Amino acid sequence: MDLQHTHDPRAQDDIAEASQARLIWEKFKKHRIALVSLYIVGAFYVVALFAEFFQPFDPNLTSRSDVYHPPQLLRMSYVDDTGARVFAPHVQKQKLTRDKLTLKASYDVVEGERVFVRLFPKVETYKLAKLIPVNRKLFGPVEADERFYLFGSDRLGRDMLSRVVAGTRISMSIGLVGVAMSLVLGLIIGGAAGYFGGWIDTASSRVIELMLSIPTIPIWLGLSAALPPTLDPLTRYFMITLILSLIGWTELARVVRGRFMAMRSEDFVTAARLDGASPRRVIFRHMMPSLVSHIIASVSLAIPVMILAETSLSFLGLGLMPPSISWGVLLKEAQNIRAIAQAEWLFIPGGFVIVVVLALNFLGDGLRDAADPYSQHGT
């Protein structure tokens with residue numbers, strides 16, 4: 001039922017008393033693609049927050065006997081020697097063999113041998129989200145010394161599923177941290193320029209125009225290349241986030257400046273000034289709420305840009321580097337001919353990048369339509 005056209009007096013009273021957040025949510029729920037995208041993005045952030053729980057193995061654990069192991073199919077049951085069907089999640093064990101003439105490696109199925117998988121196996125105690133001691137994982141082998149590879153393995157025999165899950169934390173968080181920093185800079189600089197005008201507007205406008213006139217990718221490449229290769233992973237992560245944020249605030253600042261210049265002569269702003277409100281109160285209490293739809297759209301669309309930027313820099317070897325794990329770092333492993341020809345599963349992280357970026361864009365469209373009072377989207 002369309003809440004805007006209902007004839008139920010109680011529903012109309014309920015809507016009239018509803019908060020802005022509820023009105024946005026009621027309208028957002030009608031955007032089905034955006035709603036599905038919200039669940040997808042939420043699931044990725046849950047995995048990022050509790051990555052240790054979802055990864056079956058240590059992402060840095062190597063195995064010389066499982067180099068470039070192909071992905072294994074998880075089976076739910078099998079037929080035993082008596083002909084009875086037994087329900088037991090497992091993968092068929094595979095053994096590495098080499099051709100005697102060409103030395104080409106291949107993995108052959110070992111008939112009758114299986115690696116059984118179970119939910120919530122007991123493991124050595126680790127800290128969930130770096131805080132909570134836990135000794136269970138979502139799933140893993142029944143025998144602790146066995147391995148399986150649902151996403152295959154890399155050149156060092158490391159489990160790709162565990163590494164993709166571990167990379168989710170950095171790739172998803174760098175977007176949030178970078179956008180948060182860009183949002184603060186954009187709102188403060190753009191708001192001050194649009195509200196006060198004068199030399200503040202002139203100076204900030206020239207800086208924005210200068211930064212927008214320079215191609216973004218060369219700036220990222222140049223500043224990333226300037227980082228010392230000896231930086232520890234945490235410092236390098238912070239520096240990459242800072243670089244992305246210092247470039248990404250200009251678009252939002254320009255939008256905020258334009259809207260503030262249009263609003264500062266409005267009656268409600270004039271009334272707030274005459275009432276003795278300070279400039280800070282006028283900006284954040286009266287003017288900023290009018291930009292909710294623009295801010296939501298800018299933030300939701302900036303997160304995938306940040307993710308793609310980090311992935312691109314890491315793929316080119318100028319972003320995060322091992323032992324850090326991100327989707328860009330994992331994709332860097334797929335740069336050689338051998339990976340393309342023999343280990344195509346190394347491109348799996350790229351699929352997750354595509355899914356997340358599309359979901360975030362659809363989510364941003366839905367939030368923008370829901371927060372825009374002039375939007376007529378109702379499906």
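Visitor: Where is Pro349 placed?
Guide: Pro349 is in helix 15, residues 348–371. Bear in mind that this is a predicted model.

Visitor: Why is Pro349 called buried?
Guide: Its relative accessibility is 0%. Buried means under 20%. Pro349 therefore counts as buried.

Visitor: What is Pro349 in contact with, leaving aside its neighbours within four places in sequence?
Guide: Met160, Val164, Trp327, Leu330 and Leu331. Contact here requires heavy atoms within 4.5 Å. As for Arg163, its C-alpha atom is 9.3 Å from that of Pro349, and the two residues are 186 apart along the chain.

Visitor: Which aromatic cluster includes Trp327?
Guide: The one formed by Phe44, Phe151, Trp327 and Phe352.

Visitor: How many aromatic pairs does a search of the whole structure find?
Guide: The search finds 11. One of them is Phe53 with Phe120.

Visitor: What makes the pair of Phe53 and Phe120 stacked?
Guide: Two values. The ring centres are 6.3 Å apart, and a pair needs them within 6.5 Å. The planes meet at 25 degrees, and stacked means under 30 degrees. So the pair is stacked.

Visitor: Which parts of the chain does this pair link?
Guide: Distant ones, 67 residues apart. Phe53 sits in helix 4 (residues 51–54). Phe120 sits in the loop between strand 3 (105–119) and strand 4 (122–128).

Visitor: Is Phe53 buried or exposed, and what does Phe120 count as?
Guide: Phe53 has a relative accessible area of 17%. Phe120 stands at 43%.

Visitor: Which residue lies over the face of Tyr126, and which over Phe57?
Guide: Lys137 lies over Tyr126, at 5.3 Å from the ring centre. Arg147 lies over Phe57, at 4.8 Å from the ring centre. The distance limit for such a label is 6 Å.

Visitor: How do you know that the span of helix 9 agrees with what it should be?
Guide: Helix 9 has 14 residues, 250–263. At 1.5 Å a residue, they should span 20 Å. The end C-alpha atoms are 20 Å apart, so the values agree.

Visitor: Why say that the buried residues of helix 9 line one face?
Guide: They are Thr250, Leu252, Ala253, Val256, Phe260 and Met263. Seen down the axis, they fall within an arc of 155 degrees, so they line one face of helix 9. What covers them includes helix 5 (160–196) and helix 12 (292–315).

Technical notes
Residues are numbered from 1 along each chain as its sequence is written. This is a predicted model: local features need pLDDT of at least 70, side-chain atom pairs count only at pLDDT 80 or more; totals for chains, interfaces and linings use all residues. Side-chain values use heavy atoms; hydrogens and water are left out. Rings of Phe, Tyr and Trp (its six-membered ring) pair if their centres lie within 6.5 Å; planes under 30 degrees apart count as stacked, over 60 as edge-to-face and the rest as tilted. Helices (H or I, at least four residues) and strands (E, at least two) are DSSP runs, numbered from the N terminus. Buried means under 20% relative accessible area, exposed over 50%, partly exposed in between (1.4 Å probe, protein chains only). A charge sits over a ring if NZ of Lys or CZ of Arg is within 6 Å of the ring centre and within 35 degrees of the ring normal. The expected span of a helix is 1.5 Å times one less than its number of residues. The arc is that of the directions from the helix axis to the C-beta atoms.
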